[in-house]
Amino acid sequence: MNNLFNCRSLLHLVTLLFSQNFYFGQDFEVSPVVIKFDANPGEIQEKSLHIKNYGNKVQGFSANLFDFKVENGKRIKQELGSTNRSLDKILSISPSFFELNPNEDIYLSLVLTLPKENLTTHWGYIDIGPAKEQKNYEIDKQLLTTGIKIVPKIEVLVNQSPKSNENFSGVIEDFKEIKSEEDSVRVFRTHIKNNGDKILKPNVHLELGVYETAELIKLKGLEKTIYPGESVEFDLKINKSKIISKGQLAIILDYGHNSKIEGSVIEVSP
C-alpha cells in the first residue's frame, strides 16, 4: 500500500514539474522560459523573469541578450545586433548582473520600448547562468575524468510582435511521396514557408479522399514553429492499409488567425 502511495505521489510530482513554465539548471531555476511581447509601435511593455539559487553558496549570475537565426528548423545563436530581427535596441534587462544567497530569488525587469512605425516581428535569447566558472560543481564522473567544467546556461526565448501586425501568411512549397523506412506506412513530404511577418505554428495534416466510396479520411497532423522567411520540412505518414483503392491525397495547411486554409492535392493508388 505504501509503495502504491509513493508511486502515485512521484507521478503527481513529475506531472506537476512538467506542467510548469520553468526550467531547472544545475543549481538554479528560471521561469518563464518563453516570453512574448505584443507591443504596438510607440508602446512600452514590461515583463518579469524569475531566478532562484538552489545552490549552497553565494553565486553571481548574469543575464545576456543574444540574437539567433533559424536554419533547417534549428536556432543558431548570433551576436547581439547582428540580425534585422534583433531585440538589441528595444529590450533592456535590469539588473543584468546580480548575486543570490542560497535559496534566494530575484525578479528581473524586462522593458521593451518599441519605436513608432516599427511593425516588425523581433526575437532573441536571454542567457541566464553563473557569471563565471565554478570549480565545485558536482560533475558526472565520466565528464570529471576529462577535466571539463560545466557552466550551466538557461536560454529564455523572447519574441516581440505588435498586436496590430496581422501579416500572417504561409505557403505550401511542394508535396510529394518519399521512400519510407517502414514497411507499414507511406510517407509524404512537404515544405511550408512563412512568407509573412508573424511567427506561425500551423497544423499540417493529410486528408484522403477515396474515389470508390467517396469517403474522406482526415489524419492526425503535425505542428512546428516557423519563423518569418523560414521554410520547414514536414514528413507526414499514412498507414498503407488506408489506401486500398485509388483516390486523392490532400495536404492541408491551417495556421489559424482567421486566415484561409491552404491545400495541395496529388493522386494516390495502393
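Is Asn103 buried or exposed?

Asn103 is exposed, because its relative accessible area is 53% and the cut-off for exposed is over 50%. You'll find Asn103 in the loop between β8 and β9 (105–113). Keep in mind that this is a predicted model.

Most residues other than glycine have a negative phi. Asn103 isn't a glycine, yet its phi is positive, at about 65°. Glu117 has a positive phi too, near 70°. Glu117 sits in the loop between β9 and β10 (122–130), and it's exposed, with a relative accessible area of 76%.

## The whole protein

Stepping back, the protein has 19 strands and two helices. Of its 270 residues, 39% are buried.

## Two cis bonds

Most peptide bonds are trans. Here, though, the bond from Ser31 to Pro32 is cis, with omega near -5°. Pro32 belongs to the loop between β2 (28–31) and β3 (34–37).

Ser94 and Pro95 are also joined by a cis peptide bond, with omega about -5°. Look for Pro95 in the loop between β7 (91–94) and β8 (97–100).

## Around Lys69

Lys69 is part of strand β5 (residues 59–71) and counts as partly exposed, at 34% relative accessibility. Its side chain makes a polar contact of 3.1 Å with that of Glu71.

Leaving out residues up to four places away in sequence, Lys69 touches Lys74, Arg75, Ile76 and Gln78. Ser86 is 17 residues from Lys69 in sequence, with 9.8 Å between their C-alpha atoms.

Terms used
Residues numbered from 1 in each chain as written. Predicted model: local features only at pLDDT ≥ 70, side-chain atom pairs only at ≥ 80, totals over all residues. Heavy atoms only, no water. Helix = DSSP H or I, 4+ residues; strand = E, 2+ residues; numbered from the N terminus. Buried < 20%, exposed > 50% of the residue type's maximum accessible area, 1.4 Å probe, protein only. Contact = heavy atoms within 4.5 Å. Polar contact = N/O pair within 3.5 Å; in protein donor to acceptor, adjacent residues only side chain to side chain.
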